[in-house]
Amino acid sequence: MKTFVLIAGGTGGHLFPAMALAQELIRRGHAVELMTDHRVESYGADFPARRIHIVPAATPSGRNPLKLIGAGMTIVRGIGTAWNVLRKLRPDAVIGFGGYPTFPPFVAANLLGIPGVLHEQNAVMGRANRALARFADVLAMSFPETRFAENQTLEKVVTGNPVRDRVRPLAGKPYPALDQKGTIRLVVTGGSQGARALSDIVPAAIALLPDDLRHRLHILQQARTEDIERVAESYRQSRTSVELASFVADLPERIADAHLVIGRAGASTVTELCVIGRPAILIPLPGALDSDQKHNALFLQEGGGGWVAEQATLSPQSLATRLHELLSDPDQLKRAASAAAALGKPRAVERLADIAETLAGKNTQTQGRPTP
């Protein structure tokens, strides 16, 4: 049995692939512990780790020198906290999943001579991972072309982005039948908390569709709690069948049953769309650092599995035009679903676990140690 410490920022985009890897390593008989920040309480209650360690972390951004000094002191404190935990635990390897909370534990592991893998979920290498690359042994990438990765000199492997256990069985599920008169299932998701822009634009676009097409729709839309009533009223006005929720526990299964998805382009969303094989209109989050969501969305579009709609130029009228075109052409949707599935890597977690095990096997510092 080996011991692995997974390190991730405390948001779903970082924790979900870390959770997938934890599940796989545990299946292989290994011990897993997690290092993250306090946000894990919102996303990681079910994380299958033996222990969860909260490590101080901060983002060193902004121009205020006092804030920069404060962030620097927090990072140093975080390195010290992580160093004490890792020194006692003596893991065989660490695997970092990005976000600034990854920085202190990954640096501490390097100081202790513990080998490490960095995993990048997006089509743009994140700033924390770029800063940590010099301390890592391997960079595992989700996309064949990852911006800024070409400048890194460490070993690089394309693994794909691990998906949770509940997503994997949906790979290969046939695209649902769609004829010219049947129900059309549309899923609208804006991330874990919904997206206000989608709550503004999508219902207004649906209202512009011809009656015969709109009345065939059944929509599942994720929206912020404070937006649900006004979104519901908009759909009532257009007499559209809709199900609204601020959180959808079975979202992967609902995506698998959908004919079309409208959503943001976070790494987990794009990954699950490809693994499940469903077409999507992706609206990248504007203002994201390094436009990572736009690059994720372009990967799906260039592969034929979806369409990118920039929020700055998107209107109810333009979205309605695109929806009318797609929903009136089942063959086009089915082709896009097949193209999305061809981009998916449902065995990404096995590949990443293989890399972690190989790296742990080379760690001579923990040979013969007692099991913690």
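Ile-262 touches Leu-186, Val-187, Val-188, Thr-189, Leu-198, Val-202, Ile-281, Ile-283 and Leu-323, leaving aside residues up to four places away in sequence; contact here means heavy atoms within 4.5 Å. The structure is a predicted model, in which local features need pLDDT of at least 70 and side-chain atom pairs count only at pLDDT 80 or more, while totals for chains, interfaces and linings use all residues. Residues are numbered from 1 along each chain as its sequence is written, and side-chain values use heavy atoms, with hydrogens and water left out.

Ile-262 lies in strand 11; helices (H or I, at least four residues) and strands (E, at least two) are DSSP runs, numbered from the N terminus. Ile-262 counts as buried because its relative accessibility is 0%, where buried means under 20% relative accessible area, exposed over 50% and partly exposed in between (1.4 Å probe, protein chains only).

On to its neighbours: strand 8 (residues 184-189) runs parallel to strand 11 and is joined to it by four bridges, with Val-261 as the bridge partner of Val-187. Strand 11 is also parallel to strand 12, through three bridges, and here Ile-262 has Ile-281 as its bridge partner.

These strands belong to an open sheet of six strands in the order 10-9-8-11-12-13, with parallel pairing; two strands pair if DSSP finds at least two bridges between them. Strand 10 (241-245) and strand 13 (306-308) are the edge strands, each pairing on one side only. Neighbouring strands of this sheet are turned by 15° against each other on average, direction ignored, with axes taken as lines fitted to C-alpha atoms (for helices over the stretch in contact) and angles running from 0 to 180 degrees between N-to-C directions.

Salt bridges come next, each defined as a side-chain nitrogen of Lys or Arg within 4 Å of a carboxyl oxygen of Asp or Glu. How many are there by this rule? The count comes to 25. In one of them, the side chains of Asp-290 and Arg-130 meet at 2.6 Å, N to O. This pair links distant parts of the chain, 160 residues apart: Asp-290 is in the loop between strand 12 and helix 11 (292-302), and Arg-130 is in helix 5. Arg-130 counts as partly exposed, at 23% relative accessibility.

Another salt bridge joins Arg-196 and Asp-227, whose closest N and O atoms are 3.2 Å apart. Arg-196 lies in helix 6 (residues 196-207) and Asp-227 in the loop between strand 9 and helix 8, so the pair ties together parts that are 31 residues apart in sequence. Is Asp-227 buried or exposed? With a relative accessible area of 3%, Asp-227 is buried, whereas Arg-196 is partly exposed at 40%. Asp-227 touches Ser-199 as well as Arg-196, not counting residues up to four places away in sequence. The C-alpha atoms of Asp-227 and Ser-199 are 7.2 Å apart, although 28 residues separate the two in sequence.

Glu-350 and Arg-347 also meet in a salt bridge (3.7 Å, N to O); Glu-350 counts as buried at 10% relative accessibility, and Arg-347 as exposed at 53%. A network of salt bridges links Glu-24, Arg-27, Arg-28, Asp-165, Asp-354 and Glu-357.

Most residues other than glycine have a negative phi, and most peptide bonds are trans. Phe-148, in the loop between strand 6 (138-141) and strand 7 (155-158), has a positive phi of about 80° although it is not a glycine. Arg-239, in the loop between helix 8 (228-238) and strand 10, likewise has a positive phi, near 55°. Arg-239 counts as exposed, at 70% relative accessibility.
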